[in-house]
Amino acid sequence: MQDFIGLQGLGPDDLTGLLTLADTLSDIVTRPIKKVPTLRGKAIANLFFEASTRTRNSFELAGKYMSADVINFQASGSSVEKGETLYDTASNLTAMGIDAVVMRHKVAGSPGLLADLLEIPVINAGDGMHEHPTQGLLDLLTIQRHRGHVAGLKVAIVGDVLHSRVARSDIWGLTTMGAEVTIVGPPNLLVQGFPVDVTTDLETGIRGADVIQVLRLQRERQTGGEVPSLREYRERWGLTLARLDSWAPEALVMHPGPQNRGVEIDSDVLDGPRSMVLDQVQLGVAVRMAVLYRLLGGHDDI
Ligand code: NCD
């Protein structure tokens, strides 16, 4: 594997290999001394052209826990504001000795484009509405940890699927690993052409589910008129405790964050015992360590 752009096209063996590696590395995150020498002498640039909390920080920590040097590039305050192209920005960083680029960008396909132009590995940290492959992997790892396996599970992905790169990576990862996926949400926030069941009715979508992944209503990406109002959205598609208890009492609840509490998910679900959201975040560091390790040819005993 040279770059890591999407889960689409990866096979079960590729995914299982990365999940097993992440599982091995996950224990580093909870050790008192969080440092292994695996990537000592390697330099990683985080290129984030779009807002991020979890993804940027966990890539940074993943690199640092493995002793790599990590720099964080913010588009604002850089020469991007003077019109410098993405390629020029990245090739200048590689001239400084960077060994890998982690990139988030609002334009779908831009990490893939950069990967074609640069000799060093490029990792997609979320591109437009295309993919967010490390999130897809960490969601798989969270499910595997808590259910023991992914194959055969019923997974519902609820909400604004249309604008969600997380949903797309989840769909590819989950279906490749043999889960049965249903997407559920308002008709104009769903997608066609994926190997999933589709419904607009929340009860039909989540009844008996083993896992429910709730998505953020991405108001910044909507052009207007997609949902009638937040109150009506919550009334029809919000995950409340009463709905969870009556339709999918055994389900694990996940959300990639950031959450709109009281809109797509209620606080008593988010903060309750079935919520996996902080497990997702913790395993996200391990997954990013695994991807960096794989692409940068990690050495030494892990
Ligand atoms: C998501 C993203 O930016 O794609 N967040 C994340 O990385 N965990 C989802 C979102 O913005 O709603």
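In this predicted model, five strands form an open sheet in the order β7-β6-β5-β8-β9, with parallel pairing; two strands are taken to pair if DSSP finds at least two bridges between them. Helices (H or I, at least four residues) and strands (E, at least two) are DSSP runs, numbered from the N terminus. Residues are numbered from 1 along each chain as its sequence is written, and side-chain values use heavy atoms, with hydrogens and water left out. As the model is predicted, local features need pLDDT of at least 70 and side-chain atom pairs count only at pLDDT 80 or more, whereas totals for chains, interfaces and linings use all residues.

The edges of the sheet are formed by β7 (197-199) and β9 (252-254), each of which pairs on one side only. On average, neighbouring strands are turned by 20° against each other, direction ignored. Within the sheet, β5 (residues 154-158) and β8 (residues 211-214) are joined in the parallel sense by four bridges, and Val155 has Val211 in β8 as its bridge partner. Helix α6 (residues 165-176) packs on the sheet and touches β5, β6 (180-184) and β8, contact being defined as heavy atoms within 4.5 Å. The direction of α6 makes about 170° with that of β5; axes are lines fitted to C-alpha atoms, for helices over the stretch in contact, and angles run from 0 to 180 degrees between N-to-C directions.

In soluble globular proteins, nonpolar side chains tend to be buried together. A nonpolar core is here a set of buried Ala, Val, Leu, Ile, Met, Phe, Trp, Tyr and Cys residues joined through side-chain atoms within 4.5 Å, where buried means under 20% relative accessible area (1.4 Å probe, protein chains only). The largest such core holds 60 residues, of which Phe4, Leu137, Ile157, Leu174, Met289 and Leu292 touch the most other members. Helix α11 (residues 277-296) gives the most to this core, with ten residues. Beyond its neighbours within four places in sequence, Met289 contacts Leu25, Ile28, Val29, Ala62, Tyr65 and Met66. Apart from this core lies another, of 24 residues, including Leu202 and Leu239.

Polar contacts are pairs of N or O atoms within 3.5 Å. A polar side-chain atom of Thr55 lies 3.0 Å from an oxygen atom of the ligand, and one of Gln135 lies 3.1 Å from a ligand nitrogen atom. For Arg165, an N or O atom of the side chain is 2.7 Å from an oxygen atom of the ligand.

Definitions and conventions:
Buried means under 20% relative accessible area, exposed over 50%, partly exposed in between (1.4 Å probe, protein chains only). A polar contact is a pair of N or O atoms within 3.5 Å; within protein, one must be able to donate a hydrogen and the other to accept it, and residues adjacent in sequence count only if both atoms are side-chain atoms.
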